[in-house]
Amino acid sequence: MNILILGSGGREHTLAWKIAQSNKLTKLFVAPGNAGTNEIAENVAIGVNDFEAIKKLVLKENIDLVLVGPEDPLVNGIHDFFLNDTQLKEVAVIGPEKLAATLEGSKEFAKEFMMRHNIPTAAYQSFTSKNLEEGYSFLESLKPPYVLKADGLAAGKGVLILNDITEAKNELKSMLLDAKFGNASATVVIEEFLDGIELSCFVLTDGENYKVLPMAKDYKRIGEGDTGLNTGGMGAISPVPFADEAFFQKIEERIVKPTVEGLKKDKYPYKGFIFIGLIKVGNDPKVIEYNVRMGDPETEVVIPRVKNDFVEVLEAVANQGLDSIDLEIDERTAVTVMTVSGGYPEAYEKGKEIRGLDKQNESIVFHAGTKIFENEVHTNGGRVLAVTSYGENHQEALKTSYKTLKDIGFDGMYYRKDIGFDL
């Protein structure tokens, strides 16, 4: 079958790498793709939200299945666009319909969903510019640190965790009155702070059945020891050493099952990935947030551990036959280390030549922000390469990734040398 992946990051390169191994694949397209996907698929210079151009490509190339990588097109209703078009409605789309995608598109919507279905999460209230004073009062009722979340999509930057009440009030005002995060912060969700260790749970559902993929833990902060600014992710590990069988059972019973059942009860059509951001508080899991696609850089450690033919798995999602699939998971640990451009997550330069990609090594190098310029691979984003390795444990896998990174370089390259430090 012909398959199209939408997106241009490390997540999409990993999915392309996995799909390219399938005997069921005829031709693979990635839009817009990067220098990594270019080696295993045909890149097409189309934006992920250009639905009309995507339609033309799907019809021209007889594409049978579209796998949506990032959240934007899902929140903007790409699945509905296909269903409502007579020429496209038979094409399988992996990713939820617009209403269900609001689980990521609106923090308030997600919180209401969790409350309705008794899914454990932090206490919260929502505020707009009209009840700013009530927001101040709610902040005063909480103990620090204070958690402020822009309701809408803010490219992973709309969450603030602050220790000072005056600063929290000023930031709330800035979000609501000065549109600090644009329309995304027209509503702000204030939550109680949950103290614990975070992890990510990935579920694949066909709307009726579900499979839980390997869990992962990612590292968001730019600085070692989890310090400094939040990023899109500096590395990830799978499996998660502190998530034992008993803890996994709690996640499945208290969170995964009620989530899938809740989607059915609320009639939110869902065929695709549910990425549940969790926190382990004591010995109990609670939901921090929902995302409606795979995480990045978690994809780079989760997907390499799935042994199945991935096209078969995606077909089962499309045909509501996921109950017929037995997931086979590699027992080894997978670790990825993200290399980033100097200055990221603030101002950084693009267009630096990447050296050493042709050297043989034991890792898999996934491209995140790269492009081909004059037949050479250059940097094209803040996060540039994800170097994934297997090992008997995370220490062994990390050694391999760090060894590979000695051979790869570009001007200003930075990566964290302490991934997994807290395990």
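Colleague: Over the ring of which residue does the charged end of Lys417 sit?

Modeller: In this predicted model, the distance from the charged end of Lys417 to the ring centre in question is 4.6 Å. A charge counts as sitting over a ring only within 6 Å of the centre.

Colleague: Is the aromatic pair of Tyr402 and Tyr415 stacked or edge-to-face?

Modeller: The two ring centres of Tyr402 and Tyr415 are 6.0 Å apart, with 25° between the planes. Planes under 30 degrees apart count as stacked. The pair formed by Tyr402 and Tyr415 is therefore stacked.

Colleague: How many residues apart in sequence are the parts that this pair ties together?

Modeller: Tyr402 belongs to helix α12 (residues 394-405), whereas Tyr415 lies in the segment after α12. Tyr402 is buried, at a relative accessible area of 16%, and Tyr415 is buried as well, at 14%. The separation in sequence of the parts tied together is 13 residues.

Colleague: What is the angle between the planes of Phe113 and Tyr290?

Modeller: Phe113 and Tyr290 form an edge-to-face pair with a centre-to-centre distance of 5.9 Å. Phe113 is in helix α6 (residues 107-116) and Tyr290 in strand β17 (residues 284-291), 177 residues apart. Both residues are buried. The angle between their planes is 80°.

Colleague: Which residues form one aromatic cluster with Phe113 and Tyr290?

Modeller: The structure holds 11 aromatic pairs, one of them being that of Phe113 and Tyr290. These two residues belong to one aromatic cluster, together with Phe109 and Tyr268.

Key: Residues numbered from 1 in each chain as written. Predicted model: local features only at pLDDT ≥ 70, side-chain atom pairs only at ≥ 80, totals over all residues. Heavy atoms only, no water. Phe/Tyr/Trp six-rings, centres within 6.5 Å; stacked < 30°, edge-to-face > 60°. Helix = DSSP H or I, 4+ residues; strand = E, 2+ residues; numbered from the N terminus. Buried < 20%, exposed > 50% of the residue type's maximum accessible area, 1.4 Å probe, protein only. Lys NZ or Arg CZ within 6 Å of the ring centre and 35° of its normal.
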